[in-house]
Amino acid sequence: TESALDLAKLLLLKSSNNLDEISRLSPIELSKRVKGIGRAKAVAISAAIELGKRMRFSEPIEQRRFNCGEDVAQEFMARLSGLRHEEFWIVLLNNANNEIARYMISAGGITSTIVDSRIILKYAIENLATNLVLIHNHPSGNAIPSKSDMDQTKALRDACNLMSVNLLDHLIIAEDTYFSFANSEISTFKES
């Protein structure tokens with residue numbers, strides 16, 4: 001049997017490299033044009049072509065731009081306020097601080113959650129992020145960082161520096177307020 005790549009090359013050859021012509025073929029016509037393209041492959045090809053057409057004419061998704069830590073805090077307050085357990089999130093940004101992606105790293109107990117810097121950096125590298133914001137909540141309603149929060153922030157900042165990812169802020173959400181490491185005088189974040 002021929003590989004999918006071989007079948008695609010053969011289909012293009014038999015269609016004079018004309019993708020527009022291929023896009024007009026029904027799944028039945030596709031399977032008749034090239035031996036080895038069965039019904040399932042023909043339907044998959046038709047679906048891929050249709051997705052390509054729709055993507056070509058779709059409007060680009062507007063990227064959310066975060067100008068400061070307060071913008072991120074406002075975005076996450078509704079999600080994290082009132083939870084009875086801790087959640088740890090990251091927001092990945094490009095060089096213009098437009099959001100690339102966001103991930104929940106962990107959900108834990110009442111007073112802590114496990115955060116692995118390797119997972120955070122994996123997401124940052126896979127998404128080609130240049131900037132990063134950390135967010136977690138304190139179910140107690142007290143936004144003041146614990147010693148563990150400070151140590152974790154310093155360790156994550158150091159890990160980010162090694163990978164040339166800018167850790168812009170670490171936000172702690174507590175009910176209707178938040179704490180920003182970037183806007184505080186906590187030396188573990190301000191050190192460079």
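Reply: Happy to walk you through it. Beyond its neighbours within four places in sequence, S23 is in contact (heavy atoms within 4.5 Å) with I49 and K53. This is a predicted model, in which local features need pLDDT of at least 70 and side-chain atom pairs count only at pLDDT 80 or more, while totals for chains, interfaces and linings use all residues. Residues are numbered from 1 along each chain as its sequence is written, and side-chain values use heavy atoms, with hydrogens and water left out.

S23 belongs to helix 2, which covers residues 19–23; helices are DSSP runs of H or I with at least four residues, numbered from the N terminus. With a relative accessible area of 17%, S23 is buried, a label that means under 20%, with exposed over 50% and partly exposed in between (1.4 Å probe, protein chains only).

Now to the charged side chains. The whole structure holds nine salt bridges, each being a side-chain nitrogen of Lys or Arg within 4 Å of a carboxyl oxygen of Asp or Glu. One of them joins R157 to D158, with the closest N and O atoms 2.8 Å apart. R157 counts as buried because its relative accessibility is 8%, whereas D158 is partly exposed at 30%. A network of salt bridges also links R64, E75, E99 and R102.

Helix 6 spans residues 117–126, and it gives you a pair to inspect: K122 bridges to E126 at 3.2 Å between the closest N and O atoms. These two residues sit four apart in that helix, about one turn, and K122 is partly exposed at 43%. Another salt bridge has R118 meeting D116 at 2.8 Å, N to O. Here R118 is exposed, at 64% relative accessibility, while D116 is partly exposed, at 22%.

I125 is in helix 6 as well, and its relative accessible area of 43% makes it partly exposed. Together with L162 and M163, I125 makes a nonpolar surface patch of about 320 Å². Patches are made of residues with over 30% relative accessible area and no salt bridge, joining like charges within 9 Å and nonpolar side chains (Val, Leu, Ile, Met, Phe, Trp, Tyr) within 5 Å. The areas come from the Shrake-Rupley method with a 1.4 Å probe, and for residues only the protein chains shown count as cover.
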